[in-house]
Amino acid sequence: MTSNETNNSLMKMNKEERKKVSKMFWRNQFLMFCTSYTKQQGITYGWLLAPFLEKIYGKDSDEFYDAMYRHLDFFNTAPAMNGMIGGLVVSMEEENKAMKDQGEEFDETSISAIKTALMGPLAGIGDALYLSVLRVIATGVAIGLSQQGSILGPILFLLIVNVPNMLIRWYTTVIGYKGGGQFINTAMKSGTFQAITKGCTVLGLIMTGAMTAQFVTFKTTFTADFANTTFDLQQVFDSIMPGLLPLSITMICFAYLRKHNKPVTVLVAMFVISILLTLLGVAG
């Protein structure tokens, strides 16, 4: 099969598939509707997938609730690129159901692994595309026309930003769903699916570690003078391992949450401890 035939096959959808992709496309517009510090887009992502999972596994079935539990975990990516992930996940859930109905095994952890592995790279692509390319081009065109007093300035700004945005959202959803199914079938038959899953799991852990290093910050400001020598507690920690305190805080919170404790308790505890350490001069 040539590349053109492959692309045509990928874009061609029957009525049922088009209806499914269309519904996924419109529900994806609400991905940022409900975000939280603990799950980011996780709650809305679960809502986005809920009707598809109901249709795949049956409403109120144990399999449906297991799938919802998988997809209510932490999730965060560029909303415009989520169609790729959402389409792929729905395709994998359908494959999971089909294989189980045939009495075959399907590694359900691979669904979460691939989702976690893709959300970081696609977020980087989406942010670069929208923040550094489309918005900059649209702003440049709009400012030039607006300075001339032309009404086309704000109109073209909206068109340059939103038309590519909608097209990207639609076609990434189509590619994720259609290409995802073909990819899964090929990978399962060739025996490479387990290797890909393991690689995605490792990539997901790397992305999680990178996010921890980037977003979790804590430095102690405690200093003291001993025999005309300044003791800097932060330098001691840095000499042991840079980023030791943020890593320690992250692992403590992780260990606490793994015991199914409430995230709100972690947030309140960190807030109170931060105030106390600041008042004591340990942090600031």
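How are helix 4 and helix 5 oriented to each other, roughly parallel or roughly antiparallel? Helix 4 (residues 62-71) and helix 5 (residues 82-101) pack at an angle of about 150°, and they are therefore roughly antiparallel to each other, a label given to angles over 145 degrees, whereas those under 35 count as roughly parallel, 65 to 115 as roughly perpendicular and the rest as oblique. This is a predicted model, in which local features need pLDDT of at least 70 and side-chain atom pairs count only at pLDDT 80 or more, while totals for chains, interfaces and linings use all residues. Residues are numbered from 1 along each chain as its sequence is written, and side-chain values use heavy atoms, with hydrogens and water left out.

**Overall fold**

- The secondary structure comes to 11 helices and 2 strands, where helices (H or I, at least four residues) and strands (E, at least two) are DSSP runs numbered from the N terminus.
- Along the sequence, the elements follow the pattern α-α-α-α-α-α-α-α-β-β-α-α-α.
- Of the 284 residues of the protein, 32% count as buried, meaning under 20% relative accessible area, with exposed being over 50% and partly exposed in between (1.4 Å probe, protein chains only).
- Among contacts with a separation of 6 or more, 68% are accounted for by residues 24 or more positions apart, a contact being heavy atoms within 4.5 Å.

**Helix 4 and helix 5**

- The axes of helix 4 and helix 5 are 13 Å apart, each axis being a line fitted to C-alpha atoms, for helices over the stretch in contact, with angles running from 0 to 180 degrees between N-to-C directions.
- The crossing of these two helices is right-handed, that is, the near helix is turned clockwise from the far one by less than a right angle, anticlockwise being left-handed.
- Glu 63, Ala 67, Arg 70 and His 71 of helix 4 make the contact with Val 89, Glu 93, Asn 96, Lys 97 and Lys 100 of helix 5.
- The residues of this contact divide into 2 nonpolar, 2 polar and 5 charged, where Ala, Val, Leu, Ile, Met, Phe, Trp, Tyr, Cys and Pro count as nonpolar, Asp, Glu, Lys and Arg as charged, and the others, Gly among them, as polar.
- Helix 5 is largely enclosed by the rest of the structure, because 15 of its 20 residues are buried.
- Helix 5 is followed by Gly 103, whose phi is positive, near 80°.

**Helix 10 and helix 11**

- Helix 10 (residues 244-258) and helix 11 (residues 263-279) cross at roughly 145°, and their axes come within 10 Å.
- This crossing of helix 10 and helix 11 is right-handed, and the contact is made by Ile 249, Cys 253, Tyr 256 and Leu 257 of helix 10 together with Pro 263, Thr 265, Val 266 and Met 270 of helix 11.
- The residues of the contact of helix 10 with helix 11 divide into 7 nonpolar, 1 polar and no charged.

**Individual residues**

- Ala 224 lies in strand 1 (residues 223-226) and counts as buried at 18% relative accessibility.
- Leaving aside neighbours within four places in sequence, Ala 224 is in contact with Thr 229, Thr 230 and Phe 231.
- Most residues other than glycine have a negative phi.
- Gln 40, in the loop between helix 2 and helix 3 (42-57), has a positive phi near 50° and is partly exposed, with a relative accessible area of 25%.
- Asp 60, in the loop between helix 3 and helix 4, has a positive phi of about 65° although it is not a glycine.
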